[in-house]
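Open the model in your viewer and keep the selection panel at hand. Each stop below names what to select, then says what is there.

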Amino acid sequence: MSNSDRRQRPGSKESHRCSWGPYISAITNRTTNLFIRGGMLFSVGVFLALVLNLLQVQRNVTLFPPDVISSIFSSAWWVPPCCGTASAVIGLLYPCIDSRLGEPHKFKREWSSVMRCVAVFVGINHASAKVDFANNVQLSLTLAALSIGLWWTFDRSRSGFGLGVSISLLATLATQLLVYNGVFQYTSPDFLYIRSWLPCIFFAGVITMGNIGRQLALYEHSFLQQKTHQD
């Protein structure tokens with residue numbers, strides 16, 4: 001038997017290795033793309049945290065002890081990394097949940113819509129820091145309406161709403177624990193050491209990062225499909 005026949009024999013080790021080649025390549029590509037998407041979401045989260053926290057600090061909505069203010073944006077060093085990590089988790093979780101439920105999100109799936117969603121989210125944060133309302137109840141109701149309006153305009157999925165509510169409640173609880181332990185504080189707290197409108201801000205942020213994560217996943221899926229057709 002010739003060497004070429006032995007190489008092409010179905011039961012040979014070489015044939016077995018070749019059959020696993022595309023599978024291993026696909027797994028490697030998915031893992032690499034997952035890390036790339038996570039890194040991009042982390043960077044977006046860090047940037048938004050620096051900008052939005054600057055608005056809050058300038059208006060004295062949040063106060064950090066002098067010894068932890070160490071950056072040019074007057075923010076504690078741990079705030080941007082925490083927000084970036086949360087953004088990466090949320091952005092990766094949304095398309096994963098869509099895939100598990102078998103309900104791919106197809107509402108307004110283009111980058112222009114995502115950019116408008118980010119702009120509205122920044123506007124909601126700006127309103128919480130800059131606009132003066134008669135009382136905190138009026139401010140909280142206004143921000144709640146704006147946050148739900150953001151979900152209705154750019155998401156409209158039940159999974160997105162459920163994740164937004166769940167994660168915003170967890171984030172609010174974590175913030176209450178941080179404030180209770182003296183890590184930072186809010187001026188004029190009106191709801192268990194914090195401001196009553198904070199869950200609305202968290203909800204809008206979750207919806208925004210979920211939209212970015214979905215769009216990145218959709219772009220990756222389209223790119224991989226195009227590459228498969230070319231191969």
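## First stop: residues 137–154

Select residues 137–154: the end C-alpha atoms lie 26 Å apart, and the span is 100% helix and 0% strand. Helices here are DSSP runs of H or I with at least four residues, strands are runs of E with at least two, and both are numbered from the N terminus. This is a predicted model, in which local features need pLDDT of at least 70 and side-chain atom pairs count only at pLDDT 80 or more, while totals for chains, interfaces and linings use all residues. Residues are numbered from 1 along each chain as its sequence is written, and side-chain values use heavy atoms, with hydrogens and water left out.

## Zoom out: the whole chain

Colour by secondary structure. The protein chain has seven helices and two strands. Along the sequence they run α-α-β-α-α-α-α-β-α.

Switch to a surface view. The protein chain exposes about 13700 Å², and carbon and sulfur atoms supply 65% of that. Accessible areas come from the Shrake-Rupley method with a 1.4 Å probe; for residues, only the protein chains shown count as cover. Of the 231 residues, 37% are buried. Buried means under 20% relative accessible area, exposed means over 50%, and partly exposed lies in between (1.4 Å probe, protein chains only).

Contacts come next, meaning heavy atoms within 4.5 Å. Take those between residues at least 6 apart in sequence: 76% join residues at least 24 apart.

## The nonpolar patch

Select I148, F161, V165 and L169. They form a nonpolar patch on the surface, with about 320 Å² of accessible area together. Patch residues have over 30% relative accessible area and no salt bridge; like charges are joined within 9 Å, and nonpolar side chains (Val, Leu, Ile, Met, Phe, Trp, Tyr) within 5 Å. Which helix gives the largest share of the patch? Helix α6 (residues 158–180) does, with three residues.

## The aromatic cluster

Stay on F161 in helix α6. F161 is partly exposed, at 32% relative accessible area.

The structure holds three aromatic pairs. Start with W151 and W152, a tilted pair at 5.9 Å centre to centre and 55 degrees between the planes. Rings of Phe, Tyr and Trp (its six-membered ring) pair if their centres lie within 6.5 Å; planes under 30 degrees apart count as stacked, over 60 as edge-to-face and the rest as tilted. Is W151 buried or exposed? W151 is buried, with a relative accessible area of 13%, whereas W152 is partly exposed at 47%.

Move to F161 and F203. This pair is edge-to-face, 5.6 Å centre to centre with 70 degrees between the planes. It links distant parts of the chain: F161 in helix α6 and F203 in helix α7 (residues 198–230), 42 residues apart. F203 counts as buried at 6% relative accessibility.

## Along helix α7

Select T208, also in helix α7. T208 is buried, with a relative accessible area of 1%. Not counting residues up to four places away in sequence, T208 touches C117, V118, F121 and L150.

## The salt-bridge network

Go on to R214. A salt bridge is a side-chain nitrogen of Lys or Arg within 4 Å of a carboxyl oxygen of Asp or Glu. The structure holds two.

D98 bridges to R214, with the closest N and O atoms 2.7 Å apart. That pair joins helix α3 (residues 79–101) to helix α7, across 116 residues. Both D98 and R214 are buried.

D155 also bridges to R214, with the closest N and O atoms 3.0 Å apart. D155 sits in the loop between α5 and α6, 59 residues from R214. D155 and R214 are both buried. Shared partners join D98, D155 and R214 into one network.

## Last stop: R156

Select R156, in the loop between α5 (136–154) and α6. R156 is not a glycine, yet has a positive phi of about 65 degrees. Most residues other than glycine have a negative phi. R156 counts as partly exposed, at 40% relative accessibility.
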